[in-house]
Amino acid sequence: MAGIGTCCTTLSSTSFRTSPLEFESLTIRGGIFLGKPIRRRALRIRAEVSYVNADEAKKLIAVEGYTVLDVRDKSQFDRAHIKSCYHVPLFIENKDNDLGTIVKRTLHNNFSGLFFGLPFTKPNSEFVQSVKSKFQPGNKLLLVCQEGLRSTAAANKLEQAGFENVACIISGLQTVKPGTFDTVGTTELQDAGKAGLITIQGKISAVLGTVLVCAYLFITFFPDQAEKLFPPSS
């Protein structure tokens with residue numbers, strides 16, 4: 001009686017990478033047959049922006065070789081900035097002359113500009129390109145602004161552009177104590193954001209307070225003379 005012979009074929013499945021696609025393969029005793037390609041999403045690991053205080057920022061400059069990049073507008077930069085830093089503003093003065101811009105600039109200058117000394121600005125469309133013209137993506141950059149908001153926005157732009165070693169000072173230069181950095185300018189770093197009428201408000205209040213105190217003392221100690229100067233109304 002003829003026997004019925006059986007044969008056994010060993011099957012196994014694996015996968016291997018043939019960049020940029022990965023194929024599923026089927027092994028059948030003696031050979032490998034390619035199956036359908038397996039598409040995998042490319043993952044890019046992005047560096048995280050570091051946030052440091054003023055003392056830590058000073059160490060980054062002195063020990064780790066970070067370069068300071070000031071992203072404030074020109075007016076604040078001119079009042080005070082860290083010595084030997086680079087300046088690439090995230091916002092620039094808006095000098096456009098279309099009707100809408102003229103109206104907005106007039107309103108701005110009559111309020112924020114007058115009281116706080118803030119310039120009328122617009123985003124600097126060449127910010128990233130300007131930074132790239134000065135630095136390589138691998139350079140270590142410490143971004144600074146007055147309150148910490150612009151430096152954070154600038155850091156995000158540079159991170160997306162491929163810069164890997166970016167740090168910012170938490171809450172900006174307004175938190176930096178005098179003497180922390182060597183500076184250039186007419187005021188302290190923490191006061192560089194103060195301008196306009198608000199800067200003389202304290203002086204006006206002090207003068208008015210002095211006048212009121214002197215008037216009170218004069219009326220108290222020299223009532224006769226005060227009555228002659230300021231006779232009571234009938």
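1. Pairing of β5 and β10. In this predicted model, strand β5 (residues 67–70) pairs with β10 in the parallel sense, over four bridges. Within β10, Val144 is the residue that stands opposite Asp70.

2. The sheet around that pair. β5 and β10 belong to an open sheet of five strands, with the order β4-β11-β10-β5-β7. The pairing is parallel. Its edge strands are β4 and β7 (86–87), and each of these pairs on one side only.

3. Helices across the sheet. Helix α1 lies across β4, β5, β10 and β11. It runs at about 120 degrees to β4. Helix α6 (residues 149–160) also lies across β4, β5, β10 and β11. For α6 the angle is given relative to β10, and comes to about 150 degrees.

4. The two sides of α1. Which residues of α1 are buried? In this helix (residues 54–62), they are Ala54, Ala57 and Leu60. They sit on the same side of α1 because they cover an arc of only 110 degrees around the axis. Asp55, Lys59 and Ala62 are exposed, on the face turned away from the buried side.

5. What the buried side of α1 meets. The buried residues pack against three strands: β4 (50–52), β10 (140–144) and β11 (165–169). A side-chain oxygen of Asn53 comes to within 3.2 Å of the backbone nitrogen of Asp55.

6. Ser151 in α6. Ser151 lies in helix α6. Its relative accessible area is 0%, so Ser151 is buried. Beyond residues up to four places away in sequence, Ser151 touches Val71, Leu143, Val144, Cys145 and Cys168. Val144 on that list is also the residue opposite Asp70.

7. Asn94, a loop residue. Asn94 is placed in the loop between β8 (91–93) and α3 (99–109). Is it buried or exposed? Asn94 counts as buried, because its relative accessibility is 9% and the cut-off for buried is under 20%. The side chain of Asn94 reaches the backbone nitrogen of Asp96 at 3.0 Å.

8. Surroundings of Asn94. Residues up to four places away in sequence are again left out. Asn94 then touches Thr101, Arg105, Phe120, Thr121 and Lys122. Thr121 is 27 residues from Asn94 in sequence. In space, the two are 4.6 Å apart, C-alpha to C-alpha.

9. Pro137, another loop residue. Pro137 lies between α5 (127–134) and β10, in the loop. With a relative accessible area of 34%, Pro137 is partly exposed. Setting aside neighbours within four places in sequence, Pro137 is in contact with Gly162, Phe163 and Glu164. Pro137 and Ala161 are 24 residues apart in sequence, and their C-alpha atoms are 8.1 Å apart in space.

10. Chain totals. The secondary structure comes to eight helices and twelve strands. The chain has 234 residues, and 27% of them count as buried. Among contacts with a separation of 6 or more, 62% join residues 24 or more positions apart. The chain exposes about 16100 Å². Carbon and sulfur atoms supply 58% of that area.

How values were computed:
Residues are numbered from 1 along each chain as its sequence is written. This is a predicted model: local features need pLDDT of at least 70, side-chain atom pairs count only at pLDDT 80 or more; totals for chains, interfaces and linings use all residues. Side-chain values use heavy atoms; hydrogens and water are left out. Buried means under 20% relative accessible area, exposed over 50%, partly exposed in between (1.4 Å probe, protein chains only). The arc is that of the directions from the helix axis to the C-beta atoms. Contact means heavy atoms within 4.5 Å. A polar contact is a pair of N or O atoms within 3.5 Å; within protein, one must be able to donate a hydrogen and the other to accept it, and residues adjacent in sequence count only if both atoms are side-chain atoms. Accessible areas come from the Shrake-Rupley method with a 1.4 Å probe; for residues, only the protein chains shown count as cover. Two strands pair if DSSP finds at least two bridges between them. Axes are lines fitted to C-alpha atoms, for helices over the stretch in contact, and angles run from 0 to 180 degrees between N-to-C directions.
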